[in-house]
Amino acid sequence: MTWKSRGGEFSSRSFISQKWTLFLCLGSFCAGMLFTNRIWSIPEQNGLARPTAAETGKMNVVSDGCNSRILQEMEMRRETRDMYGDDFKGHNSAQALDKTISNLEMDLAAARAVQESVRSGSPVSEDIRTTESSGKRKYLMVVGINTAFSSRKRRDSVRATWLPQGDKRKKLEEEKGIVIRFVIGHSATSGGILDRAIEAEDRKHGDFLRLNHVEGYLELSAKTKTYFATAVNLWDADFYVKVDDDVHVNIATLGETLVRHRSKQRIYIGCMKSGPVLAQKGVRYHEPEHWKFGESGNKYFRHATGQLYAISNDLATYISINQNVLHKYANEDVSIGAWFIGLDVEHIDDRRLCCGTPPDCEWKAQAGNICVASFDWSCSGICRSAERIKEVHKRCGEGENALWSASF
């Protein structure tokens with residue numbers, strides 16, 4: 001065989017191989033596609049049935065309940081955008097983003113609180129069980145009355161004057177959106193006689209909020225921080241109020257005062273002061289960390305006096321999220337002010353939150369300017385409050401009808 005014939009035979013075989021190669025490639029590609037589709041089509045696993053129509057409806061109801069507030073905000077935003085056009089988008093985009101972030105932070109804080117409670121093995125309170133089972137409703141304010149184990153007479157005097165009891169207290173929560181609780185932790189010997197006395201008192205009145213906190217006068221800053229973190233996770237309110245158990249409060253007037261600031265963000269309201277930083281040991285309100293406030297004789301930054309003040313929901317959420325890194329000063333009111341001093345917070349100075357006892361609050365009431373809170377500055381509360389608060393209530397109280405006729 002010559003090289004020419006061999007070359008022709010080789011050329012013919014090469015030509016046939018190229019055609020078969022192309023055909024085989026196309027066939028392999030088609031077979032691969034068919035094989036891949038069969039492999040990646042995931043069949044339903046046995047025992048995992050599709051949800052029925054009823055179950056789907058239930059899940060939708062739960063989803064609607066959890067997200068109703070967000071959906072309402074989105075609908076309001078959509079209606080406003082349609083009304084004002086594209087100009088609305090640029091003007092409100094930052095505000096809408098801030099509000100969404102705030103809502104997510106509140107949900108995150110609530111989830112963290114529940115998770116920490118489960119991890120630590122802490123008992124879940126009845127308020128938490130009720131909130132989880134029924135879903136959070138919106139309240140106007142939560143009022144936490146700071147109290148101690150030794151203050152039973154003070155608590156009874158408050159119950160006999162400005163704090164509604166029994167069914168009236170429940171009605172106050174349901175109709176007015178106002179929650180009021182005495183706030184107390186536990187003793188150093190948990191489960192001891194002091195704790196059992198509080199438990200018995202709570203079974204009788206049902207008006208306590210128990211904190212995961214060891215009681216002590218030097219621990220007021222920690223207690224206040226725990227109160228706000230606990231309250232914001234139990235109740236979704238516009239405002240959270242802290243008040244001492246030796247202060248007289250007009251609830252309706254307090255509600256009307258706070259409602260005026262409901263549309264604002266990051267509100268801190270009280271009687272703002274700026275007292276001296278006391279470096280001398282042994283004196284009342286001594287400041288162990290006085291060196292942080294500069295030279296001797298300097299004053300504190302502006303902060304609300306500790307007898308009564310209120311903060312908005314977003315600030316209570318901020319405390320809840322950051323409670324592990326917020327520094328505690330010796331004085332509780334200074335600590336609160338320090339937590340907010342570096343934030344974009346609106347400080348509202350309202351002197352009706354720190355009226356004096358009669359004749360001061362009585363004269364103001366007669367002039368139509370009813371006080372929110374009344375106490376004696378010399379005692380940082382009503383002097384001998386268990387004995388005198390009834391007199392203050394009689395002469396400076398707003399009257400029971402004011403509370404039930406109020407519309408917040």
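**Rings and their surroundings**

Guide: Start with a charge and a ring. The charged end of Lys171 sits over the ring of Trp404, 4.9 Å from the ring centre.

A word on the source. This is a predicted model, in which local features need pLDDT of at least 70 and side-chain atom pairs count only at pLDDT 80 or more, while totals for chains, interfaces and linings use all residues. Residues are numbered from 1 along each chain as its sequence is written, and side-chain values use heavy atoms, with hydrogens and water left out.

Now the ring pairs. A pair of aromatic rings is described by the distance of the centres and the angle of the planes. Rings of Phe, Tyr and Trp (its six-membered ring) pair if their centres lie within 6.5 Å; planes under 30 degrees apart are stacked, over 60 edge-to-face, and the rest tilted. A search of the whole structure turns up ten aromatic pairs. Take Phe182 and Phe208. Their centres are 5.9 Å apart and their planes meet at 40°, so this pair is tilted. Phe182 belongs to strand E2 (residues 178-186) and Phe208 to strand E3 (residues 208-214); the pair links distant parts of the chain, 26 residues apart. Helices (H or I, at least four residues) and strands (E, at least two) are DSSP runs, numbered from the N terminus.

Next come Tyr268 and Tyr309. Their pair is edge-to-face, with 6.4 Å centre to centre and 85° between the planes. Tyr268 is in strand E6 (residues 267-273) and Tyr309 in strand E7 (residues 303-312), so the pair ties together parts 41 residues apart in sequence. Tyr268 is buried, with a relative accessibility of 0%. Tyr309 is buried at 1%. Both tyrosines are in a cluster: ring pairs link Tyr227, Phe228, Tyr268, Tyr309 and Phe340.

Now look at helix H8, residues 220-234. This helix has 15 residues and spans 21 Å from its first C-alpha to its last. That is close to the 21 Å expected at 1.5 Å a residue; the expected span is 1.5 Å times one less than the number of residues. Of the 15 residues of H8, 14 are buried, so the helix is largely enclosed by the rest of the structure.

Go back to strand E3. His213 lies in this strand. His213 is buried, with 7% relative accessible area. Leaving aside neighbours within four places in sequence, His213 is in contact (heavy atoms within 4.5 Å) with Gly185, His186, Glu219, Ala222 and Lys223.

E3 also meets helix H5. The buried residues of H5 are Arg155, Ser157, Val158 and Arg159. They pack against strand E1 (138-146), E2, H7, E3 and H13. Helix H5 (residues 152-159) and helix H7 (residues 193-205) pack at about 10°, with axes 13 Å apart. Axes are lines fitted to C-alpha atoms, for helices over the stretch in contact, and angles run from 0 to 180 degrees between N-to-C directions. H5 and H7 are therefore roughly parallel. Here under 35 degrees is roughly parallel, over 145 roughly antiparallel, 65 to 115 roughly perpendicular, and the rest oblique. Arg152, Arg155, Asp156 and Arg159 of H5 make the contact with Ile198, Glu201, Lys204 and His205 of H7.

Arg266 lies in the loop between helix H9 (251-259) and E6. Its phi is near 50°, a positive value in a residue other than glycine. Arg266 is partly exposed, at 29% relative accessibility.

Last, step back to the whole. The protein has 14 helices and nine strands. Of its 408 residues, 40% count as buried.

Methods
Buried < 20%, exposed > 50% of the residue type's maximum accessible area, 1.4 Å probe, protein only. Lys NZ or Arg CZ within 6 Å of the ring centre and 35° of its normal.
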